[in-house]
Amino acid sequence: MPSPAATDPQPIHPGRSRIPVLARLTSGLRWDLPASLVVFLVAVPLSLGIAAASGAPVMAGLIAAAVGGIVAGSLGGSPLQVSGPAAGLTVIVAGLIEQFGWPVTCAITVAAGVLQVLLGMAKVGRVALAIAPVVVHAMLAGIGIIIVLQQLHVMLGSEAGEAALHNIVALPDSLAAVDPQAAFLGAVVIALLVAWKHMPSAVRRVPGPLVAVVAATLLSLPFNSDVDRITFDGSLLDALALPHLPQGEWTAIAVGVVTIALVASVESLLSAVAVDKMHHGERTNFNRELLGQGAANVTSGMLGGLPVTGVIVRSATNVEAGARTRKSAVLHGIWVLVFSLLLAGVIQLVPQAVLAGLLIMIGIRLVKVADFQTARVTGDLAVYAATLLTVVFVNLLAGVLIGLALAVLLVLWRVVRASIHAEPLGGTAEGRWRVVIDGSCTFLSLPRLSKVLAAVPPAAHVTVELDVDYLDHPVHDTLEAWRVRHVNNGGSVEIEETGTATLHAAVAGTPERGSSRSALRGGFAPWRSWQRDAAPLGAEAAGHVPAPVRSVLNGVDSYHRRHAHLLRPHVQELSTFQDPDTLFITCADSRLVPNLITSSGPGDLFTVRNVGNVVGSDRLEPSVEASLKFALDELSVTSVVVCGHSGCGAMTALLAGPGGDATDQKAADKKAADQKAADQDPGQSPEAQEERCPVESWLDHGRPSLESFHAGHPVQVAAEEAGYGAVDQLAIVNVAVQLERLQQHASLQGSVRSGDVHVTGLFYDIATARVLQITPTGISHLDPLPRAEELAPA
């Protein structure tokens, strides 16, 4: 029975339950509090400038900054991201205000927030990341250019136009009628921001935008009243206003809602991805981030604020300032709110030209040379240019849609376009041609394919190398029709299918893309899977080639055409020396390819092969002895591997011969004793020695393994439990016995004991193409056990 102490409820002390809550609230404040102050100082001038550029009430920028910090910071999925009004939305918001007015724009912001919440609930956060980054970069660059063109007129003391083209055309008139005071103040801001990054690190701890705005504002105080300054009516509380429902134009309203929701979502998610790369803490939950951003936009729109999105400038500042948790973003929003309530009057001292200079620098920074260079290097320059020009001279939505359409078309072109070319081989008199089709070959490739095939001379001997991962029915029909026509004209056609998509599969069912390509077919797939009965290329010039060597010469020809140039850079440095890591002792069986199962290349393995992968019985067999000495003394290998395999013929012969069965053990022992006596008798006749065939004599090296197998070796027990048959059990025991003999060898004992050389065993299961590790006492799987469907015949 439990004791009373275990069952009675424990007394609750006042304040005890609050300790964990208090700890959660205060944890990280050592770093988050100062970081929040730095971000607050950056956010205030940026929010004011973005509100001014959008044509919205100035206080709307501060409302959005406070809401973004508090709401998005609390609910969002990116702990260190800071949200607020963003320059990327200024053009969209300005257009909506011009078309519908500010109260309806707030309603559109609310609806966009609801749409973001729905997207988050639908868990499509990561889907938004599928938008091509080049389109986003070009969109931001276009917005930056629009901002610069608009704010140049404001800095010069003129009115900015609505369209970028109008602002470009009107720029000479604004220069002619420049306001010297406004231009001076804007130039001061630009100069300070440019110079700030060259200041000492201790000075740069103070945000440059804050210093520029404060300094230029102080310089403007002695100026006359002609300098235009920020104006607003009432306080922050007076700026709070409920949105108004639109009156008609629902299609345009819907477009505005979708545009704000998508642009704000994409910018937030991309910013979150960038922030994740800047720290090693908690990663972003993208669906939660959409929920947080949506909630912030609903709140901001309901209070009369600008749309909210994740802002990379403030977020990067937050991380660089040492923030550890989301408390920094929340606190920054609180500081913005306190400032807006208590020090709103200070804002009206800031000249508009000062904010114009700040916005010009923001716009310039949106146009990143690195993004342009990346687009040029990656072949996306056309997408970048089309998106940017359309955003600048048409509108943002059209630019994004055109950019996305071009990006999709470009990807489609790159993915489905096959590399197709034809070339003559040897001299023109030989009449040999090669046609290479590489990639994904679809009906879209038919114009190119037909052109290349038409270029092949009618009577040529042609090899078509079909190395594709996708091939559809029209391509099959085109190739087949050409093949028949070419053969009827006196030529010959040999089709080598080395990819994962085949001509037969193209007509047998729905075409499917192969999971991989056979890039190293010559060392991966057997000859019978890709070679034909035709003579190798060049056979006509070299004379008759016997059929038995055609496979070899065909393989060499394929190696020269496909792999030699890829291998050459890796083997050039090995042309004068070898430096392998491993002595690899394995069976001579043709089905076991050491470099394939170890993923090694030339120079990695010093390979010794013999029947049954044995190293001898009483002493090492001379060839193995010589190889071992050379590998240890001359090559300084660090590991020795003995590798057996399933279905081994030597092990089958051992089990089938005398002593193979436990009931024949006495006979086997007698025969072994007779053989030992004969070996020790130098006078025995040659005829008696020749009575035993070489294979039978060689198998004597494996009889200790057979004895261990019958004696119940631990490895035999493990192999039996793993489901292996008798032959494979013996093959696995044989590897373990060879390991024991190697470890007892005089030249290896010291190195193995010191750890300079490691000895291990492998077993290759041919049926599953899997490799086991063998030790003198057991076996272990080097990969997960095969699934039933993997073992089933195709």
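Start by selecting helix α7: 18 of its 23 residues are buried, so the rest of the structure largely encloses this helix. Keep in mind as you look around that this is a predicted model.

Now pick out residues 133–155, which make up α7, and check the length. At 1.5 Å a residue, the 23 residues should span 33 Å, and the end C-alpha atoms are 32 Å apart, which agrees.

Next stop, the aromatic rings. A search of the whole structure turns up four aromatic pairs. F372 counts as partly exposed because its relative accessibility is 38%, while Y384 is buried, with a relative accessible area of 5%.

Then jump to Y724 and F763, another edge-to-face pair, at 5.8 Å centre to centre and 85° between the planes. Y724 lies in the loop between α34 (714–721) and α35 (726–743) and F763 is in strand β10 (residues 758–765), so the pair ties together parts that are 39 residues apart in sequence. Both Y724 and F763 are buried.

For the last stop, select W31 together with R324. What sits over the ring of W31? That's the charged end of R324, 4.0 Å from the ring's centre.

Technical notes. Residues numbered from 1 in each chain as written. Predicted model: local features only at pLDDT ≥ 70, side-chain atom pairs only at ≥ 80, totals over all residues. Heavy atoms only, no water. Helix = DSSP H or I, 4+ residues; strand = E, 2+ residues; numbered from the N terminus. Expected span 1.5 Å × (residues − 1). Buried < 20%, exposed > 50% of the residue type's maximum accessible area, 1.4 Å probe, protein only. Phe/Tyr/Trp six-rings, centres within 6.5 Å; stacked < 30°, edge-to-face > 60°. Lys NZ or Arg CZ within 6 Å of the ring centre and 35° of its normal.
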